[in-house]
Amino acid sequence: MVELTRGAGTVASAAERVEELFAALGLRTVWVGDAPGLVLGRIVAQLINEACFAVAEGVGSREDVDAGMVLGLSHPRGPFAWCEEIGAEHVLAVLDALRIELGEERYRAAPLLRRLAT
């Protein structure tokens with residue numbers, strides 16, 4: 001699945017062509033609003049951030065948290081595995097951009113995530 005967003009100057013023919021391109025590659029497209037992280041990245045970043053808070057508070061280890069998400073919620077991978085796949089610096093960039101744009105405390109990055117990103 002590929003998330004796409006339209007800019008102010010996006011013409012309908014360009015949107016159709018990009019959908020056709022991804023369809024030819026066997027990928028489904030979903031149109032979403034233009035915001036930091038789009039939809040999937042935003043949710044995954046928040047999940048990773050909450051996992052970092054939980055580990056720092058001693059709720060469980062990284063391995064415990066990942067196992068809980070995979071075995072308990074049938075996610076394909078846990079938040080720390082996602083973080084390694086995406087890169088902590090990218091996760092942090094999404095959260096920082098959301099906090100700046102929306103001014104909401106819920107996007108405050110966990111200190112552990114900041115350490116992982118350096």
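1. Starting with H5: Ala-88, Val-91, Leu-92, Val-94, Leu-95 and Leu-98 are its buried residues. Looking down the helix axis, they sit within an arc of 160°, so they line one face of H5. As for what that face packs against, the partners are helix H2 (40-56), helix H4 (79-86) and helix H6 (111-116). Keep in mind throughout that this is a predicted model.

2. What does H5 carry on the face turned away from its buried side? There you'll find the exposed residues Ile-100 and Glu-101.

3. The geometry of H5 checks out. After the helix comes Gly-103, with a positive phi near 65°.

4. H1 gets the same kind of check. It runs over residues 12-24, and 13 residues at 1.5 Å a residue should give a span of 18 Å; the end C-alpha atoms are 18 Å apart, so this one agrees too. H1 is followed by Gly-26, where phi is again positive, near 80°.

5. While we're on H1, have a look at Phe-22, which is found in that helix. Is Phe-22 buried or exposed? Its relative accessibility is 18%, so it counts as buried, the cut-off for buried being under 20%. Leaving aside residues up to four places away in sequence, Phe-22 touches Val-2, Leu-4, Leu-27 and Thr-29. Leu-38 is another matter for distance: it lies 16 residues from Phe-22 along the chain, and the two C-alpha atoms are separated by 18 Å.

6. Now the charges. Side chains of opposite charge can pair when their charged atoms come close. How many salt bridges does a search of the whole structure find? The count is 4. One of them joins Asp-96 and Arg-114, with the closest N and O atoms 2.8 Å apart. This pair links distant parts of the chain, since Asp-96 is in helix H5 and Arg-114 in helix H6, 18 residues apart.

7. Shared partners join Arg-99, Glu-105 and Arg-108 into one network. On accessibility, Arg-99 counts as partly exposed at 32%, Glu-105 as partly exposed at 49%, and Arg-108 as partly exposed at 34%.

8. Asp-66 is the one I'd look at by eye. It lies in helix H3 (residues 62-73), and it is buried yet has no salt bridge. Which side chain of opposite charge is nearest to Asp-66? That is Arg-62, 8.4 Å away, whereas a salt bridge needs the nitrogen within 4 Å of a carboxyl oxygen. What the Asp-66 side chain does reach is the backbone nitrogen of Ala-81, at 3.1 Å. Not counting residues up to four places away in sequence, Asp-66 touches Gly-78, Pro-79, Phe-80 and Ala-81.

9. Finally, the overall picture. The protein has 6 helices and 2 strands, and from the N terminus on the elements run β-α-β-α-α-α-α-α. Along its principal axes the C-alpha trace spans about 50 × 35 × 25 Å. Of the 118 residues, 32% count as buried. Among contacts between residues at least 6 apart in sequence, 62% join residues at least 24 apart.

Methods:
Residues numbered from 1 in each chain as written. Predicted model: local features only at pLDDT ≥ 70, side-chain atom pairs only at ≥ 80, totals over all residues. Heavy atoms only, no water. Helix = DSSP H or I, 4+ residues; strand = E, 2+ residues; numbered from the N terminus. Buried < 20%, exposed > 50% of the residue type's maximum accessible area, 1.4 Å probe, protein only. Lys, Arg positive; Asp, Glu negative; His and termini not counted. Polar contact = N/O pair within 3.5 Å; in protein donor to acceptor, adjacent residues only side chain to side chain. Contact = heavy atoms within 4.5 Å. Arc of directions from axis to C-beta. Expected span 1.5 Å × (residues − 1).
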